[in-house]
Amino acid sequence: MKEPPGEFELIARLCGKLPRTRRVILGPGDDCALLAPSPRPQLITVDSMVEGVHFNLQWGTPAMLGARALNVNLSDIAAMGGVPTSCVVNLAVRPGLDAGFFDGLYRGLRKAAAEAAVAVVGGNITRANQLSITITLLGEVETQAMRRDTARPGDKVYVTGNIGDAALGLRILQNKIPAVGSARNQLVKRFLQPRAQVAAGRKLARLQPTPAAIDISDGLWQDLGHILECSGVGARIISTRLPLSAAYRRVYGDDCDLALSGGDDYELLFCLRNEISEAALRRHLGVAVSCIGEITRDKQALLVNSTGNISAVSHRGWDQLRPS
Ligand SMILES: [Mg+2]
């Protein structure tokens with residue numbers, strides 16, 4: 001079995017050419033990184049990706065994995081409307097992976113970090129039975145942070161982009177759903193190579209009043225549930241307004257269950273007090289936006305289906321994958 005490189009050899013390989021920013025006084029190589037202070041409120045988030053839980057090495061390249069590990073963290077900063085600034089990386093390394101694997105992983109991570117103007121300022125490497133990559137990402141608030149607890153009855157509920165593609169892509173990779181051609185490629189790419197909506201999040205946070213927002217990592221229904229619970233409100237979602245991509249429809253038809261329950265899209269869900277047309281929002285944010293429903297006073301989440309039937313989801317059902 002291939003052996004991973006030694007800890008210090010690996011650190012030396014991975015620490016070359018890491019993206020830096022002006023805030024970095026001292027990067028990797030000492031006991032801590034040293035960052036210049038900022039007058040803005042700071043955001044901090046952490047997310048892990050574990051082999052066998054969040055990814056399978058057969059599905060994509062190591063570079064895709066490195067970029068994805070950063071993007072899932074960037075998405076949390078995007079959900080707050082923040083600017084990502086710097087990160088540290090913890091790698092748990094199992095036997096069977098060679099230096100080329102880690103070079104690829106860091107190539108993807110470095111590229112994604114450079115594109116997002118994020119400095120990689122340090123990390124840790126440990127031996128483990130299972131491969132995992134954990135990133136702690138710092139960011140800062142430019143104007144106001146978008147929170148989960150500020151949705152009010154009457155707010156319109158919007159999502160960016162298309163939803164359900166990544167969940168469908170995952171099921172295609174798992175051979176649970178057959179698909180071929182460009183639709184397959186597109187859906188699989190949405191799972192393997194998510195792009196956090198950082199720019200759109202920053203622009204959203206400048207709107208007044210500041211929208212309530214969350215990123216769709218665990219599935220629309222569940223993530224909307226967090227907003228409803230934190231804000232003490234309910235919502236009415238219109239299934240025919242869910243933005244399903246052409247690739248989604250080609251492979252899965254009009255069934256929106258994966259768009260409601262599937263995760264990994266890393267789009268933004270947000271609630272606006274003032275009704276703004278989808279076209280105007282698209283121009284402002286630079287991404288497609290769909291109004292999918294509205295926030296209600298009674299603390300229920302209702303789904304209106306294509307025939308006008310309404311089903312309710314109890315608060316106990318937030319962690320269920322399907323509406324009851
Ligand atoms: Mg999140």
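Here are some notes on the sheets, the helices packed on them and the metal site of this predicted model.

1. Start with the seven-stranded sheet. It is open, its pairing is mixed, and the strands run in the order β8-β10-β7-β11-β9-β12-β13. At the edges sit β8 (212-215) and β13 (310-313), each of which pairs on one side only. From one strand to the next, the twist averages 25°.

2. Inside that sheet, have a look at β7 and β10. Strand β7 (residues 156-160) pairs with strand β10 (residues 268-272) in the antiparallel sense, over 4 bridges. If you want a residue pair to click on, V157 has C271 in β10 as its bridge partner. Helix α10 (residues 278-285) packs on the sheet here, touching β7, β10 and β11 (289-296), and its direction makes about 115° with that of β11.

3. Another helix on this sheet is α2 (residues 62-79). It lies across β8 and β10 and runs at about 175° to β8.

4. Now the metal. Which residues coordinate the magnesium ion? They are D76 and D215, each through OD, at 2.1 Å. D76 belongs to helix α2 and D215 to strand β8, so the pair ties together parts that are 139 residues apart in sequence.

5. Are these two aspartates buried or exposed? D76 is partly exposed, as its relative accessible area is 22%. D215 comes out at 3% relative accessibility and therefore counts as buried, the cut-off for buried being under 20%.

6. There is also a four-stranded open sheet, again with mixed pairing, in the order β3-β6-β4-β5. Its edges are β3 (42-50) and β5 (119-127); each has a single partner strand, so one side of each is left without a neighbour in the sheet. Ignoring direction, neighbouring strands here are turned by 15° against each other on average.

7. In this sheet, strand β4 (residues 83-93) pairs with β5 in the parallel sense over 8 bridges. V93 finds its bridge partner in β5 at R127. Helix α3 (residues 99-115) lies across β4, β5 and β6 (132-140), running at about 170° to β4.

8. Last, a helix pair. Helix α4 (residues 165-173) packs against helix α5 (residues 181-192) at an angle of about 105°, and their axes are 7 Å apart. The two are therefore roughly perpendicular to each other. On the α4 side the contact includes L168, L170, I172 and L173, and on the α5 side L187, V188, F191 and L192 are among the residues they meet. Sorted by type, the residues of this contact are 9 nonpolar, 1 polar and 3 charged.

Key: Residues are numbered from 1 along each chain as its sequence is written. This is a predicted model: local features need pLDDT of at least 70, side-chain atom pairs count only at pLDDT 80 or more; totals for chains, interfaces and linings use all residues. Side-chain values use heavy atoms; hydrogens and water are left out. Axes are lines fitted to C-alpha atoms, for helices over the stretch in contact, and angles run from 0 to 180 degrees between N-to-C directions. Angles under 35 degrees count as roughly parallel, over 145 as roughly antiparallel, 65 to 115 as roughly perpendicular and the rest as oblique. Contact means heavy atoms within 4.5 Å. Ala, Val, Leu, Ile, Met, Phe, Trp, Tyr, Cys and Pro count as nonpolar, Asp, Glu, Lys and Arg as charged, and the others, Gly among them, as polar. Two strands pair if DSSP finds at least two bridges between them. Donors are N, O and S atoms within 2.8 Å of the metal (3.2 Å for Na, K and Ca); water is not among the atoms, so sites may look incomplete. Buried means under 20% relative accessible area, exposed over 50%, partly exposed in between (1.4 Å probe, protein chains only).
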